[in-house]
Amino acid sequence: MKSGLDMNYFQVLLYLSKLFAFIFVNTNSAAANINLSHELIHKDNKFDKLVGTLTLWRNMYLHFAIEHVFGHHKNVCTPMDPATSKRG
């Protein structure tokens, strides 16, 4: 039979493992969500573009759908493009 201290220790470990699993799953799914949204906003179908934009809501990154298409694509590889690294 385990003492009260041992049970408390295991409860803390169980809590920490659940916390780390929650953080790991959510950060990985958030990164995958941006990739999926990126592909959807490039589609010609308006519904796909809408779904791609709305899925960015989960990451609080809605501005990406506008800036990426109308900023980055318009100014790609120029000094005005914030997504292109500087030469040198």
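Tutor: We can start with the overall fold and then turn to single residues.

Student: What kind of model is it, and how are residues numbered?
Tutor: It is a predicted model, in which local features need pLDDT of at least 70, side-chain atom pairs count only at pLDDT 80 or more, and totals for chains, interfaces and linings use all residues. Residues are numbered from 1 along each chain as its sequence is written, and side-chain values use heavy atoms, with hydrogens and water left out.

Student: What is the mean pLDDT of the protein?
Tutor: The mean is 83, and 92% of the residues reach 70 or more. pLDDT is the predictor's confidence in each residue, from 0 to 100.

Student: Where is confidence lowest, and where highest?
Tutor: Confidence is lowest in helix H1 (residues 4-41), at a mean of 83, and highest in helix H2 (residues 46-55), at 91. Where pLDDT is low, the predicted coordinates should not be read in detail.

Student: OK, the fold. How many helices and strands are there?
Tutor: The protein has three helices and zero strands, in the order α-α-α along the sequence. Both kinds of element are DSSP runs numbered from the N terminus: helices are H or I with at least four residues, strands are E with at least two.

Student: What does the radius of gyration say about the protein?
Tutor: The radius of gyration is 21 Å, well over the 12 Å that the globule rule gives for 88 residues, so the protein is more spread out than a compact globule. The radius is taken over C-alpha atoms, and the rule is 2.2 Å times the number of residues to the power 0.38.

Student: And what box do the C-alpha atoms fill?
Tutor: Roughly 70 × 40 × 15 Å, taken along the principal axes.

Student: How much of the protein is buried?
Tutor: Buried residues make up 15% of the 88 residues. Buried means under 20% relative accessible area, exposed over 50%, and partly exposed in between, with a 1.4 Å probe and protein chains only.

Student: What about contacts between residues at least 6 apart in sequence?
Tutor: Of those contacts, 34% join residues at least 24 apart. A contact means heavy atoms within 4.5 Å.

Student: Let's pick a residue in H1. Is Ser37 buried or exposed?
Tutor: Ser37 counts as buried, because its relative accessibility is 0%. Ser37 lies in helix H1.

Student: What does Ser37 touch?
Tutor: Leaving out residues up to four places away in sequence, Ser37 touches Gly52, Thr55 and Leu56.

Student: Where does Glu39 sit, then?
Tutor: Glu39 is in helix H1 too. Glu39 is partly exposed, at a relative accessible area of 48%. The C-alpha atoms of Glu39 and Gly52 are separated by 7.6 Å, and the two are 13 residues apart along the chain.

Student: Switching to loops. Where is Asn45?
Tutor: Asn45 lies in the loop between H1 and H2, and is partly exposed, with a relative accessible area of 41%. Asn45 and His63 are 18 residues apart in sequence and 19 Å apart in space, C-alpha to C-alpha.

Student: What is the phi of Met60?
Tutor: Met60 has a positive phi of about 55 degrees although it is not a glycine. Met60 is in the loop between H2 and helix H3 (63-75), and counts as exposed at 73% relative accessibility.

Student: And what about phi of Cys77?
Tutor: Phi of Cys77 is near 60 degrees, again a positive value in a residue other than glycine. Cys77 is in the segment after H3, and is exposed, with a relative accessible area of 64%.
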